Amino acid sequence: MNLRDIVRRIQPPSATEGSAIPWADPEFSARMLKNHLSQDHDWASRRRDLIERQAKWTMGRLAPGARVLDLACGPGFYTQILARRGFPSLGVDISPASVEYARQEAAKEGLPAEYVHSDILEFTPEPEAFDAVLFIFGEFNNFSEVEARKLLAACGRALRPGGQLILEGYTYETARDTGRAPASWWTCAEDEGILSARPHLCLQENHWDEPSATAVTRYFTFDEATGEIRMFRSTMTGYTRGGYGRLLAEAGFEAPKFLSRSEWPVGGPFEGQLLTLVTKKLKK
């Protein structure tokens, strides 16, 4: 890609244009893991004290020995806490570095926690093998509505009748405001950026597609040394509370309960952006 390609780029952007964020790339995955492990911010993973509070709330809803599936588990922070308290857990994530880290940490303590390296869209869980599914921190909104339906159907198949789904997603307004945000740019020194380990300039622009309720973000990185330009994209699909409820009903779940901030604190940077719900798989 060159500067002419950027000048002549298609507007508005397509949700399938360019390269998706390379979550499965080993080098990108390693850079992300560093951010997951950081205790200086909450944007890749929450800081440990907040994770502990959320995990404690989760455990309060589970019967002894309940088995938990964590979709997009990252480095396994939640599953390891749950496993230490006697809840066997399975985590699934597309990031090779995060999965390897989670496996090593669980092995150190001999925890009943296992990890699968897989795109969660391609993962096939054992039918009715779990008492609870975690799908948190807005990962749900990275997928299109068609993909979201597929994921919720998989959650339903994984759960025993009466099993619980804890889903944390972005509000409709957050997705809309993300798509309407003005373009911006920043620079990254060596080993400071996520999209590249080399010094680079990054341009970001956003678009809001009202019919699909999807924010599309394009990132253009300019390598300082080589002049190489790369483009990446991400998407965020927005849902109202009613929209979440309709998707869950279609997948065979009860009407959701939306949690208060005292029950499930989302963390300061995400206040007003994320909402958390709990629902149960309908009994046959």
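A cavity, on a 1 Å grid over the protein atoms alone, is a set of points where a 1.4 Å probe fits but cannot get out, and its lining residues have an atom within 4 Å of a point. I started my notebook there.

**Ground rules**

I'm working on a predicted model, where local features need pLDDT of at least 70 and side-chain atom pairs count only at pLDDT 80 or more, while totals for chains, interfaces and linings use all residues. Residues are numbered from 1 along each chain as its sequence is written, and side-chain values use heavy atoms, with hydrogens and water left out.

**Entry 1: the cavity**

About 60 Å³ of space lies in the largest cavity, a volume being the space filled by probe spheres set on grid points that are joined across faces, edges and corners.

Which residues line the largest cavity? I noted down Leu-69, Leu-71, Ile-120, Phe-123, Pro-125, Leu-151, Ala-154, Cys-155 and Ala-158. Helices (H or I, at least four residues) and strands (E, at least two) are DSSP runs, numbered from the N terminus. Strand S2 (68-71) and helix H6 (145-158) each give at least two residues to this lining, and H6 has the largest share, with four residues.

I sorted the lining by type, counting Ala, Val, Leu, Ile, Met, Phe, Trp, Tyr, Cys and Pro as nonpolar, Asp, Glu, Lys and Arg as charged, and the others, Gly among them, as polar. The largest cavity came out with nine nonpolar lining residues, no polar and no charged.

**Entry 2: a pocket**

Next I wanted open space: a pocket is an open set of points with protein on both sides within 12 Å along at least five of seven lines. The second largest pocket holds about 250 Å³ of space. I found 17 residues lining it, and Leu-195, Ser-196, Ala-197, Glu-228 and Arg-230 lie nearest its centre. Helix H2 (26-37), strand S9 (214-223) and strand S10 (229-237) each supply at least two lining residues. By type, the lining of this pocket splits into six nonpolar, four polar and seven charged residues.

**Entry 3: the five-stranded sheet**

I followed S9 and S10 into an open sheet of five strands, in the order S1-S10-S9-S8-S7, with mixed pairing. Two strands pair if DSSP finds at least two bridges between them. Strand S1 (19-20) and strand S7 (184-188) are the edges, each pairing on one side only. S7 runs antiparallel to strand S8 (residues 200-209), with five bridges joining them. Cys-188 sits opposite His-200 in S8.

Helix H7 (residues 172-180) packs on this sheet and touches S8, S9 and S10; contact here means heavy atoms within 4.5 Å. The direction of H7 makes about 125 degrees with that of S8.

**Entry 4: the seven-stranded sheet**

I also traced an open sheet of seven strands, ordered S4-S3-S2-S5-S6-S12-S11, again with mixed pairing. Its edge strands are strand S4 (113-117) and strand S11 (257-258). S2 and strand S3 (residues 89-93) run parallel and share four bridges, and Asp-70 has Gly-91 in S3 as its bridge partner. I saw helix H8 (residues 241-250) lying across strand S6 (159-170), S11 and strand S12 (274-280), at about 30 degrees to S12.

**Entry 5: two helices together**

How do H2 and helix H5 (residues 96-109) pack? Their angle is about 55 degrees and their axes are 7 Å apart. Axes are lines fitted to C-alpha atoms, for helices over the stretch in contact, and angles run from 0 to 180 degrees between N-to-C directions. H2 and H5 are therefore oblique to each other, since angles under 35 degrees count as roughly parallel, over 145 as roughly antiparallel, 65 to 115 as roughly perpendicular and the rest as oblique. On the H2 side I listed Pro-26, Ser-29, Ala-30, Leu-33, His-36 and Leu-37, and on the H5 side Pro-96, Ala-97, Ser-98 and Tyr-101. That contact has seven nonpolar residues, three polar and no charged.

Most residues other than glycine have a negative phi, and most peptide bonds are trans. I checked the backbone with that in mind. The bond from Gln-11 to Pro-12 is cis, with omega near -5 degrees, and Pro-12 is in the loop between H1 and S1. Ala-72 has a positive phi, near 60 degrees, in the loop between S2 and helix H4 (77-84).
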